[in-house]
Each structure stands twice: as C-alpha cells, then as structure tokens.
Amino acid sequence: MDAQMLKTLAHKLGLTSPKVVRKAEELIRLLAVQGGTGLALSMSGKAVICLEIAATLSSCSFDKTLAVRLSGLTRPQYVASSQTVSRLLNVSSTVCVADLCVTHSATAARDLAAKVLKQYETEKIQGQVDVALPVYQTAAVLAACKIMKIKVDKRRMFETSRSKRAVYDKVVEGMTKIAEALQSEKAAKSGGTKRGKTLMDMVEENLRNESPEKKTKVGAEEKDDNANDKEADFEEWKRKILEAAAAAE
C-alpha cells in the first residue's frame, strides 16, 4: 500500500500520532499474510479499518462516521468488514461494562448494568449465550442508562456492539425489561424498610422532644435545686400521655 495514501487518510480522520500510522501499516502487512487479499475490500477500505484498529489499540478517539464515508462502504458493510479484519488479525479489543460506563460518562449505571448482565445470563440456558461478547456488554449498559435516565450516544453504543441492528435491538429490549424489574425490586425493598409512624411512635418522639427534662437543658448552667420533684412530675406526665395514647388506639 502507498504510505502516502495511508497518511492522507489518517490526516483526514484526525489521527496525527505517528505511532498510530506505523501500527496501521504493520496491521495492513499482517492482514495480507493472514488472508486479507481475499477480502472484497478496496485498498482504502482496508486502510481505514486498520487505522481504526490501530487507533483503538492506542486509545485514540476515532470518527467512525467519517471512516465509513472514506472507506467507500455502507455502514453495515463497514461493521461486518471491520469484524472480519479484527478476527483475521486476532486483535479484537475487549468491550466491558466498566469501560463502557467510563467512556460514555455513565459510571452511575455500572452496578445496575452488571446486575442486568448477570441476570440475563442466568435466565438463559447454560452456555446458550456468551455475555462477554460486545453486544451483551453494550446492551446491558444501554438498558441500565435507559432506566436511570442517563443520556448516552446510542449510535456509538450500537457501533461498539459489533452486531446486526435486529440482534442488538432484541437484546437491548430484553435487558431493559430486566433492568426495570431490578430497579422496581430495589425501590420496593427500600420502601419496605421504612415503617410508617404509629401513634405510639409519635408519642415517644413527643416525649423526647417536649419533655420537661429536655426543655431544662437550655438552662442547664443553672442549678436545679428541685431535681427530685421535676423527675416525679415528668414520670407522672409521661404516664398520663401513654395512657391517653393507648386509649386512642
């Protein structure tokens, strides 16, 4: 491949790091050895995809929308070709809930997304799904964000899933239901731990807040020559209040 062509494409994609360009050149050479010559891809298509992989491995931002235009492919073709090239090069980057939440500024959804993923795996037949795949990791995060009303770039999330739209939407739908159920369960438990105040509770609270003993704390610095009398008065007052409360119930 023409090195200048690769640099030109990299420049258009905003990839200015020489390290990224060198890595892309290396990947293009490796792709040719690994059977890339048999792919129905133009040189520019291979170059753009290898630039994306190089940028991802170097943790550099990448404009996939522009990349699709420069590759001469449709979006579905680009996604499918990118997956094929990644497999041939054995450089598929790992996608996980924690990293996705950080990337999309949705760390608040991390715990719920992890629970959704675990529940989804549990509900499926053992070995039927590999939740480590990007489509499940991404869908779990999106489902959690939907329920928690956290805004994320849905287009970027789909692109990260590396799956077909129909499959992705179905998984997201299923996980959203799980996320909703988990949140409802959490809310129910949270509400169940709070017991409403009974009349006796309010009386006890009133005893604490309005008792003669508490009121005299304001003047605690003053000497209390009638402590015994006040204690007797308090006990009598408390007895009458409790009797009245019991009668009311």
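Visitor: Why does Glu159 count as buried?

Guide: In this predicted model, Glu159 has 7% relative accessibility. Buried means under 20% relative accessible area, so Glu159, at 7%, counts as buried.

Visitor: What makes the contact of Glu159 with Arg75 a salt bridge?

Guide: The closest N and O atoms of Glu159 and Arg75 are 2.1 Å apart. A salt bridge requires a side-chain nitrogen of Lys or Arg within 4 Å of a carboxyl oxygen of Asp or Glu, and therefore the pair qualifies at 2.1 Å.

Visitor: Why is Arg75 called partly exposed?

Guide: Arg75 has 26% relative accessibility. The partly exposed class lies between the limits of under 20% for buried and over 50% for exposed, so Arg75 belongs to it.

Visitor: How do you know that Lys23 and Glu26 form a salt bridge?

Guide: Their closest N and O atoms are 3.7 Å apart, and the cut-off is 4 Å; the pair therefore meets the criterion. Lys23 and Glu26 are three residues apart in helix α2 (residues 18-33), which means that about one helical turn separates them.

Visitor: Which accessibility class do Lys23 and Glu26 fall into, and why?

Guide: Lys23 is at 27% relative accessibility, and Glu26 has a relative accessible area of 41%. Both values lie between 20% and 50%, so each residue counts as partly exposed.

Visitor: What makes Glu52 and Lys64 a salt bridge, and where do the two residues lie?

Guide: The closest N and O atoms of Glu52 and Lys64 are 3.0 Å apart, within the 4 Å cut-off, and the pair therefore counts as a salt bridge. This pair links distant parts of the chain, with Glu52 in helix α3 (residues 43-57) and Lys64 in helix α4 (residues 64-71), 12 residues apart. Both Glu52 and Lys64 are buried.

Visitor: How many salt bridges does the structure hold, and how many helices and strands does the chain have?

Guide: The structure holds six salt bridges. The chain has 13 helices and zero strands.

Visitor: What percentage of the residues count as buried, and what percentage of the contacts join residues at least 24 apart?

Guide: Of the 249 residues of the chain, 33% count as buried. Among contacts between residues at least 6 apart in sequence, 70% join residues at least 24 apart.

Definitions and conventions
Residues are numbered from 1 along each chain as its sequence is written. This is a predicted model: local features need pLDDT of at least 70, side-chain atom pairs count only at pLDDT 80 or more; totals for chains, interfaces and linings use all residues. Side-chain values use heavy atoms; hydrogens and water are left out. Helices (H or I, at least four residues) and strands (E, at least two) are DSSP runs, numbered from the N terminus. Buried means under 20% relative accessible area, exposed over 50%, partly exposed in between (1.4 Å probe, protein chains only). Contact means heavy atoms within 4.5 Å.
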